[in-house]
Amino acid sequence: MGAPSALALLLLSACCGTPGWANLSQEDSQPWTSDETVVAGGMVKLRCQVKDHEDSSLQWSNPAQQTLYFGEKRALRDNRIQLVKSTPHELSISISNVALADEGEYTCSIFTMPVRTAKSLITVLGIPQKPIITGYKSPLREKDTTTLHCQSSGSKPAAQLTWRKGDQELNGEPTRIQEDSNGKTFTVSSSVTFTVTREDDGTDITCSVNHESLDGADRSTSQRIEVLYTPTAKIRPDPPHPREGQKLLLHCEGRGNPVPQKYMWEKEGSGPPLKITQESALIFPFLNKSDSGTYGCTAISNLGSYKAYYTLNVNDPSPVPSSTSTYHAIIGGIVAFIVFLLLILFIFLGHYLIRHKGTYLTHEAKGSDDAPDADTAIINAEGGQSGGDDKKEYFI
């Protein structure tokens, strides 16, 4: 009974189960790889690895099941495909200048019993073309409403379009998507409608493409718009605070598109215009008190006119220091500074002499205590003593 029972267990194991060591061997012999994403025109690397090669070689084949490499041996003559690494445990190849047609599942195989395979999906990104803006009609007038259209082809997957006016974002229509004739890439389009103001004159309207293949790079197109608007003006005096006797220029600074072609100057209460000219300045060669008053400047263009006002108050003349007096003032300041320095020097010198003279007088007084008095008289007396004529000195 023992032998048949053992044989039955062996048959049962063979039919219904696999020993643990066999499962481990199968797992070790299973190759593995990874999916890759590449931008069209770029390079992709396919890497296949296996732990237990069982004395067999690895092989790469393309989506059409054409063998690319069997071990280190090239099978398909395509110079874009190159061997990177070939060992019993790894087979790596590279594909350069990738095209949209290269997209698909690539198979890594190892010819064990049974044959084991691993799949690597290559996704090729189509780069969107530079967008094109249409629909602009130049020039526009202030408060006109305009619509611009933007289109970009060749993206895969479909790109997204955004609009800007200067640095301000514009809300355009949602991006429309249409498949290209090649069946792989897409053409996207969008439109934007807005009302223009005078501040929009010279502003760029920009359409930008957003797509993962660009990796953050800017791909956009701009359309600069021109807006016609009526003129504005303001009067600027030069000098800002005019005084009697000075020369004064009143500048009429006109702005508009088109720019003002004429300027008309008037003084309220003086009757006819003072001046109608293409020059924007009104000149007063020598201001008088009688020039005070309110002046008007009308800037005139083909689209209209605008009048600005300025009230002129002529102030009393004020003495203006001449260059000669300024020069004299500078010289006087320098002389005063030198005199001040000399005065300080004399004060220190006098103080020094006084202190040293006092010391000298003190020493002189001490020396006089040992000398003869100033009132000492030397008297030569001739007298006789009993012994003869002797000369004697007497100190009084």
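1. Basis of the values. The model is predicted, so that local features need pLDDT of at least 70 and side-chain atom pairs count only at pLDDT 80 or more, while totals for chains, interfaces and linings use all residues. Residues are numbered from 1 along each chain as its sequence is written, and side-chain values use heavy atoms, with hydrogens and water left out.

2. Further salt bridges. The search of the whole structure returns 12 salt bridges. One of them joins the side chains of Asp78 and Arg80 at 3.2 Å, N to O; Arg80 is partly exposed, with 22% relative accessibility. Arg47, Lys85 and Glu90 are linked in a network of salt bridges.

3. A salt bridge between distant parts of the chain. In the pair formed by Glu266 and Lys307, the closest N and O atoms are 2.9 Å apart. Glu266 belongs to strand β21 (residues 262-267) and Lys307 to strand β25 (residues 304-312), so that the pair links distant parts of the chain, 41 residues apart. Strands here are DSSP runs (E, at least two residues) numbered from the N terminus. Lys307 is partly exposed, at 33% relative accessibility.

4. How many residues of β7 are buried? Six of the six are, so the strand is largely enclosed by the rest of the structure. Glu90, Ser92 and Ser94 point one way from β7, whereas Leu91, Ile93 and Ile95 point the other way, and all are buried.

5. Neighbours of β7. Strand β2 (residues 44-49) pairs with β7 in the antiparallel sense over six bridges; pairing requires that DSSP find at least two bridges between two strands. Within this pairing, Leu46 has Ile93 of β7 as its bridge partner. Strand β6 (residues 81-87) also pairs with β7, again antiparallel and over six bridges, and here Ser86 has Leu91 as its bridge partner. A hairpin of two residues joins β6 to β7.

6. Ser92 lies in strand β7 (residues 90-95) and counts as buried, at 0% relative accessibility. Leaving aside residues up to four places away in sequence, Ser92 touches Lys45, Leu46, Arg47, Cys48, Leu83, Val84 and Lys85, where contact means heavy atoms within 4.5 Å.

7. The mixed sheet. An open sheet is formed by four strands in the order β11-β19-β20-β23, with mixed pairing. Its edge strands are β11 (140-141) and β23 (281-284), each of which pairs on one side only. Strands β19 (residues 227-238) and β20 (residues 248-257) run antiparallel and are joined by eight bridges. Arg236 stands opposite His251 in β20.

8. A tilted aromatic pair. The structure holds two aromatic pairs, a pair being rings of Phe, Tyr or Trp (its six-membered ring) with centres within 6.5 Å; planes under 30 degrees apart count as stacked, over 60 as edge-to-face and the rest as tilted. The rings of Phe70 and Phe111 have centres 6.0 Å apart and planes at 55 degrees, and the pair is therefore tilted. This pair links distant parts of the chain, 41 residues apart: Phe70 is in strand β4 (residues 67-70), and Phe111 is in the loop between β8 (104-110) and β9 (116-125). Phe70 is partly exposed at 35% relative accessibility, and Phe111 is partly exposed at 40%.

9. An edge-to-face aromatic pair. Phe284 and Tyr295 form an edge-to-face pair, with 5.5 Å from centre to centre and 85 degrees between the planes. Because Phe284 lies in strand β23 and Tyr295 in strand β24 (residues 293-301), the pair ties together parts that are 11 residues apart in sequence. Phe284 is buried, with a relative accessible area of 9%, and Tyr295 is buried, with 2%.

Terms used. Salt bridge = Lys/Arg side-chain N within 4 Å of Asp/Glu carboxyl O. Buried < 20%, exposed > 50% of the residue type's maximum accessible area, 1.4 Å probe, protein only.
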